[in-house]
Amino acid sequence: MELFLQQVFNGIMFGSTYAIVALGLTLVMGILNIPNFAHGHLYMLGGYLLYYFGVTMGLGYWFGLIFSVICLGLVGVLMERFIYRPLNNQPHINAFIAAIGALLFLEALALVVWGPQGLRVPNPHPQIVHFLGMTIGIQRLLVIMGAVALIMALHLFMKKTIMGTTIEAVAQNREGAMLTGINVNRVSAMTFAISAATAAVAASLISPIFMLSPAMGAILGMKAFVIVILGGMGSIPGAILGGYILGLIEALGGGYISAAYKDVFAFGALILILSIKPTGLFGKREV
Amino acid sequence: MFTKPVHTRLLYAAILIAALALPWYVPDAYIFQIVTMSLIFAIAVSAMNLIIGFTGQASLAHGAFFGIGAYGVAIMTKAGISFWLALPAAALIAAFIGFFVGLPSLRTRGSYFAIVTLCFGVILWIVAGNWIELTGGHNGIFGIPRPSPIPVPVVGPIEFFTQTPLYYLALAALLLTIFVLRRLVFSVFGLSLMAVRNNEPLADAVGINPFATKLISFVIANFIAGLAGGMYAAIIGAVSPSAAGYMMTFNFLIYLILGGMATLSGPVVGAFAIPIIMEFMQFLGDFRMLIFGALLVFVIIYFPQGFVGGLRQLNQKVAAWRQQ
């Protein structure tokens, strides 16, 4: 029972990370129709930026987090402007290939600047709480709380502010949004900034728990893709729910079946579901 | 389209002679090994070009099928089966698995297909790293025997203990691949591939079965990828999960895009030029991938046809300027 609860707790923690990363990806994929395959690598860069500002510059964890979010938001804007906007009218697959170029670039950048060895961000909250037989680190709890707070904030932003509603308008009908005078390019840039910033939040929250490495973005980015496709392109509730479900499946599957093959579950589920329903569980018809 | 002008033919003949005479003017064993590897990669990238360039389906499982061929040959030759039997068997296994992967995944389109195939590639990579009894885990398989000698009546047996015969073996395989792909691409089937790529509903309307067309192309591409992987295993003498990993696929993709998609010579140019450029840029270390990542983005935005396509455009412009 205690093992089960512990695995569930870990699953929710991983799920929180997956949910935030998938949320950022679903915004870009659903709204701009851009398969930003480099999203996982933005997440990786977010972790390294936290390291740079928080540890190398010595600003401490929380200021490091804020600077990492701001910087990565800017990186997102640059990426939209210089990689994806020129590819707007080309076949879809070209944007995907450009994304692979971008991810190779980002991974090499991390490798060149910070080296291949893992880096550790010191844990700002190393305290541990015992509850129902579970061992709960405060930082892990913070990941879960932070994810909930971020999701709430994003929801309020999308529903209550004009900026948020313009994003939704572009998602529903690009031409219609243009006709009502919405600057679609600006909305694209903003969506990318938000998407990248959420990835930075996810990375900053979890990096005191795990090591940073240049390769950490690749698998996570793929998982985010799996979640977005299964949860439905552009569906925010789908991404959140999918993230938590995947986290739980992995934690329980990894704990009870096989730790080495835990990644296989997620990718296997994707192949299975797409082979039955080629446009994803809640997908739009043609993408 | 079908016949090349004389100067192009002369260029091809010169390249062929240069390739045949290569062992005499490249004395450095290390460079020679890189060139031999480039031949193998050129075979794999040409096959990737069939499914991505000509059929328009971005299969990112190509490295995985290359790996299936490599592991197939490694496991079978270690079990005592002759290389000449193991190679086609491994390629057939790759094609067979490709058929069963293509059956569900080709129902998806565009980036969905890319992601499904990539997921398959990652699963295979994880399995290769963890199924220790079969694949040797992360260490891989060492000491794969070289191809056994071929008995030739008059000359005596051709043996494969040195680099030179292995080079000619790879060269022969590449020439055969290009020949087969050329016949394929310029056949009615090749035209239907391009029809599916350019406009799937229209191709469907004129009586082409898009699904079957894509599936056949996928299976052929994977067969050739398996063949290339099998030769890779026999020439290198060892395989590890990285031979089946997604980085392999991404490398192939770089060779293909920079060389030129949907041209027969593009993949060969890419697979040769880029590993050799990478070697000369050895002093840059990790900066190389920084450059190639940025280059991939730049080329796909401004020259989606790659080096060979760009050269063609230039050629046409020169021809138009001459006519004026």
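1. Let's start with charges: across the interface of chain B and chain A, the rule finds zero salt bridges (a side-chain nitrogen of Lys or Arg within 4 Å of a carboxyl oxygen of Asp or Glu). One residue pair is in polar contact there, with both residues at pLDDT 80 or more; the term stands for a pair of N or O atoms within 3.5 Å, where within protein one must be able to donate a hydrogen and the other to accept it, and residues adjacent in sequence count only if both atoms are side-chain atoms.

2. A word on the basis: this is a predicted model, in which local features need pLDDT of at least 70, side-chain atom pairs count only at pLDDT 80 or more, and totals for chains, interfaces and linings use all residues. Residues are numbered from 1 along each chain as its sequence is written, chains are lettered from A in the order in which they are written, and side-chain values use heavy atoms, with hydrogens and water left out.

3. How much area do chain B and chain A bury between them? The figure is about 3700 Å², with 82% of it on carbon and sulfur atoms (accessible area, 1.4 Å probe, lost on putting the two parts together and summed over both). On the chain B side, B:Y112, B:I115 and B:L290 lose the most area to chain A, together 18% of what that side buries.

4. The contact (heavy atoms within 4.5 Å) takes 45 residues from chain A and 39 residues from chain B.

5. Over on chain A, a nonpolar surface patch of about 760 Å² includes A:Y52, A:M57 and A:F63. Patch residues have over 30% relative accessible area and no salt bridge, and nonpolar side chains (Val, Leu, Ile, Met, Phe, Trp, Tyr) are joined within 5 Å; the areas come from the Shrake-Rupley method with a 1.4 Å probe, and for residues only the protein chains shown count as cover.

Key:
Patches are made of residues with over 30% relative accessible area and no salt bridge: like charges are joined within 9 Å, nonpolar side chains (Val, Leu, Ile, Met, Phe, Trp, Tyr) within 5 Å.
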